[in-house]
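User: I've got a model open and want to talk through its strands and aromatic rings. Can you take a look with me?

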Amino acid sequence: MVMKYILILVVLICVGVAAVWAANKTSASNAPVVGQAAPDFTLPSQDSTPVSLHDYRGKWVVLYFYPKDNTHGCTIEAHNFQRDIAKYESANAVVLGVSVDNSTSHQDFCAKQGLTFKLLADTDKTASREYGSVMNMVVTRIAARNTFLIDPQGKIAKVWVGVEPNRHSAEVLDALSAISPRT
């Protein structure tokens, strides 16, 4: 009898995992592609001021989505972008981080981790959905770890889906160097 319940539990877990995987795969397949205009948005930053993507026309934009403030992988990824911020600035690029956390959480994360670039609060998940970057976690939805390099004209130049936080900033800098014209 116990084995029967264990088997039912295992089947239910497998079905749930498969449903989450399918939903996450569908979300990523909705991401904008290279050459497409980057979907515009306006979101509050860590200091609650509104930030719009169109305000950065004329600059390269590294738009990175990440799951949650003050978690291990997200902290590593943010530290690496912060470490390389001068390289981004010299390449006429800005870094914008987006998660579904609120502005207060972002403000705490920036203060605690010494981050100086903008973190944007997508609490209603609108921008995350437009960029195919919503990840279903059974009982909640968070931003998936995806990055979009947007050219100065506002078009998608490169897309990374499911990035590795430890080496991602270096990957973005390499791509930016290869794509952007030398000045």
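User: Which residue in β5 is the bridge partner of S99?

Analyst: Keep in mind that this is a predicted model. Strand β4 covers residues 93–99 and pairs with β5, residues 118–121, in the parallel sense over four bridges. S99 sits in that pairing, and its bridge partner in β5 is A121.

User: Over on β3, which residue in β4 is the bridge partner of Y64?

Analyst: β3 and β4 also pair in the parallel sense, over six bridges. For Y64, the bridge partner in β4 is G97.

User: Y64 has a ring too, so to speak: what is the centre to centre distance in its aromatic pair with F81?

Analyst: Y64 is in strand β3 and F81 in helix α2, 17 residues apart. Both are buried. Their rings are tilted, with 35 degrees between the planes, and the centre to centre distance is 4.5 Å.

User: How far apart in sequence are the parts that F65 and Y131 tie together?

Analyst: These two form a tilted aromatic pair, 5.5 Å centre to centre, and both are buried. F65 lies in strand β3 and Y131 in the loop between α5 and β6, so the parts they tie together are apart in sequence by 66 residues.

How values were computed. Residues numbered from 1 in each chain as written. Predicted model: local features only at pLDDT ≥ 70, side-chain atom pairs only at ≥ 80, totals over all residues. Heavy atoms only, no water. Phe/Tyr/Trp six-rings, centres within 6.5 Å; stacked < 30°, edge-to-face > 60°. Helix = DSSP H or I, 4+ residues; strand = E, 2+ residues; numbered from the N terminus. Buried < 20%, exposed > 50% of the residue type's maximum accessible area, 1.4 Å probe, protein only. Pairing = 2+ DSSP bridges.
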